[in-house]
Amino acid sequence: MTTATLGRPAHRADARATVGSVVTGIGVAAPNGLGTEAWWAATLRGDSGIRALTRFDASRYPVRLAGEVPGFVDDEHLPSRLLPQTDRVTRLSLAAAKEALDDCGTDPAALPGCGAGVVTASSAGGFEFGQRELQALWSKGGQHVSAYQSFAWFYAVNTGQISIRHGLRGSSGVVVSEQAGGLDAAAHARRQVRKGARLVVTGGVDSALCPWGWAAHLAAGELSQVADPARAYLPFAEEACGHVVGEGGALFVLENATAARERDAHVYGAFTGYAATFDGGGAPRLRDAARLAMDDAGVLPEDIDVVFADAAGARAADRAEAEALAALFGPRGVPVTAPKSMTGRLLAGGASLDVAAALLSLRDQVIPPTVGTAEPAADCPVDLVTTPRRTPLRHTLVLARGRGGFNSAAVLSAA
C-alpha cells in the first residue's frame, strides 16, 4: 500500500523536478471563451460551450451538438491577404499564437536568426477548406480550385503560417497523435529548447466542424447522441454514452528557463515531465505513461496535487482511466478534473487546453470543475472535482489518449 491510499501527505521536500523549460505565454480559443482570461473565467464559473451546431445545417444528422468557438470574427484577427489562403483552424491558430507571443513579452524577431521555432499538433488540418475546394472541383471543374488548396488542407499548415507571420525561423515541426497531440507537441518543443532554442511556440488547435469533418466524426462511432447539451458528455458518470466534439485549443510560448529569468519574464509554470506510451496486445498503458512522466519530473505520486483527466466520456474508457489512477494514487487518492466537459473533446487542441488549465490552476491555486457529472460511477473511484476547489498546488498531471492507442502524460509544476 502506498502512502497515497491513506490520504494526501505533505509535499516531499526533496522533489527533484528540474526546471529547464517554462511557459511564459498562453493563447486560447475555446468553445466557452475566446482569449485566455475570458475562457478561464468561464471555466471557473462552470459555463459550458457545448450547444447546437451553427456552422452548418446538422438537422439530418444523428448528432447535432458541438463546441464552437464563439465570437471569432476572422478579419478582426487576420490581415485580408491571409483570408483566402487559410482554413478556420489556421485562423484560430494564428489568433492563439499572437495572444501567446504578446503575453510572453518578448519580440521573437529580436532573437538570433534561428532562436525561435514552432511545433504544433493537428489531427484534421484544414478540413473545411478542403471540402470547399472539392465541391468546386466536382461541381465547376479543376480551374475553379484555389491554388491555396495545395497547402491549406495540410495538417502542418498551422506551424507554417505561424512561423511565417512571426518570423520564427528556428527548428519547427508538427505531430499527429489525435487527442494526445497537444502534449506530444509540447514535448518536442521542450526538446528543441534543450538543444538551444530560446523559445518555441507550441500546442495544438483543431477544427473540423463541417459536413465532411462531421462524417468522419460520426464514422468513428464514439459521439454521444443525447440531445441535451447538459447531459451529452458526462465523463466518469454511470450515464456516460460518448463524447461531444469541439474546436479550438491552446498555444504556448515555451522558453528556456534561464533566458526567461534573465529578462524577468512572467512564468506560468514549468514543463517538468513527459512520457508517451502505446497500447499493445490489448493492454492499456496510460498508467505507464503517467508513471514515466512523474519519473521524468522527479516527483512521486504523493507530490501530484491534481490530475487533468483524458475523460473519454465512454464507460469502458473512463473505467480504464479510473483504474489506472487508482493504481497510481489509490482509490480517490488525488483530485481529478475534466474541464473539457465544458468544451467537448478538441482532438489535438484538447490536451493543450488542459495544459492551459493546469498552468492557470497553479497561478491561481484553484482546481477548475467538471460539469455535468454530479457523482462518478461506482466503478470509477476518482475524487472528481465538480465545483472550483481552492487548495495548495505545486505539481499537476495532464493525461491524454489519442485514437489508435496513443497515451501521453505531462507534469506541469509551479515555477
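Trainee: Is the crossing of H3 and H6 right-handed or left-handed?

Mentor: The crossing of H3 and H6 is right-handed. Keep in mind that we are looking at a predicted model.

Trainee: How are two packed helices described in general?

Mentor: Two numbers do the work: the angle between the axes and the distance between those axes. Here, helix H3 (residues 88-104) and helix H6 (residues 157-166) pack at about 45°, and their axes are 9 Å apart. An angle of 65 to 115 degrees would count as roughly perpendicular and one under 35 degrees as roughly parallel, so H3 and H6 are oblique to each other.

Trainee: Which residues make the contact of H3 with H6?

Mentor: From H3 come Val89, Thr90, Ser93, Leu94, Ala97, Lys98 and Leu101, and from H6 come Val157, Asn158, Gln161, Ile162, Arg165 and His166. Sorted by class, the residues of this contact are six nonpolar, five polar and two charged.

Trainee: How many residues of H6 are buried?

Mentor: Seven of the 10 residues of H6 are buried, so H6 is largely enclosed by the rest of the structure. The buried ones are Val157, Asn158, Thr159, Gln161, Ile162, Ser163 and His166. They pack against H3, strand S5 (116-121), helix H5 (149-152), strand S6 (173-175), strand S7 (199-206) and strand S8 (248-256).

Trainee: Now another pair: at what angle do helices H1 and H12 pack?

Mentor: Helix H1 (residues 36-45) and helix H12 (residues 348-364) pack at about 80°, with their axes 11 Å apart. That makes H1 roughly perpendicular to H12. In H1, Thr36, Glu37, Trp39 and Trp40 meet Leu353, Ala356, Ala357, Leu360, Ser361, Arg363 and Asp364 of H12. By class, this contact of H1 with H12 has six nonpolar, two polar and three charged residues.

Trainee: What span should helix H11 have, judging by its number of residues?

Mentor: The check uses 1.5 Å a residue: the 15 residues of H11 (residues 315-329) should span 21 Å, and the end C-alpha atoms are 21 Å apart, which agrees. Turning to burial, the buried residues of H11 are Arg315, Asp318, Glu321, Ala322, Ala324, Leu325, Ala326, Leu328 and Phe329. Their cover includes helix H10 (286-297), strand S10 (306-308), strand S11 (335-337) and strand S15 (395-402). Glycine 330 follows H11, and its phi is positive, near 90°.

Trainee: Is histidine 243 buried or exposed?

Mentor: Buried means under 20% relative accessible area, and histidine 243 has 8%, so it is buried. Histidine 243 lies in the loop between helix H8 (211-219) and S8. Leaving out residues up to four places away in sequence, histidine 243 touches Glu222, Leu223, Ser224, Tyr233, Ala312, Gly313 and Arg345.

Trainee: And what does alanine 185 touch?

Mentor: Beyond residues up to four places away in sequence, alanine 185 touches Val119, Thr120, Ala121, Val175, Thr202 and Gly203. Alanine 185 lies in helix H7 (residues 181-194) and is buried, with a relative accessible area of 0%. Its C-alpha atom is separated by 7.4 Å from that of glycine 204, 19 residues apart along the chain.

Trainee: How far apart in space are serine 413 and alanine 358?

Mentor: They are 8.8 Å apart, C-alpha to C-alpha, and 55 residues apart in sequence. Serine 413 is in strand S16 (residues 406-413) and is buried, with a relative accessible area of 2%.

How values were computed: Residues numbered from 1 in each chain as written. Predicted model: local features only at pLDDT ≥ 70, side-chain atom pairs only at ≥ 80, totals over all residues. Heavy atoms only, no water. Axes fitted to C-alpha atoms, helices over the stretch in contact; angles between N-to-C directions. Helix = DSSP H or I, 4+ residues; strand = E, 2+ residues; numbered from the N terminus. Parallel < 35°, antiparallel > 145°, perpendicular 65-115°, else oblique. Left-handed = near helix turned anticlockwise from the far one by under 90°. Contact = heavy atoms within 4.5 Å. Nonpolar A, V, L, I, M, F, W, Y, C, P; charged D, E, K, R; others polar. Buried < 20%, exposed > 50% of the residue type's maximum accessible area, 1.4 Å probe, protein only. Expected span 1.5 Å × (residues − 1).
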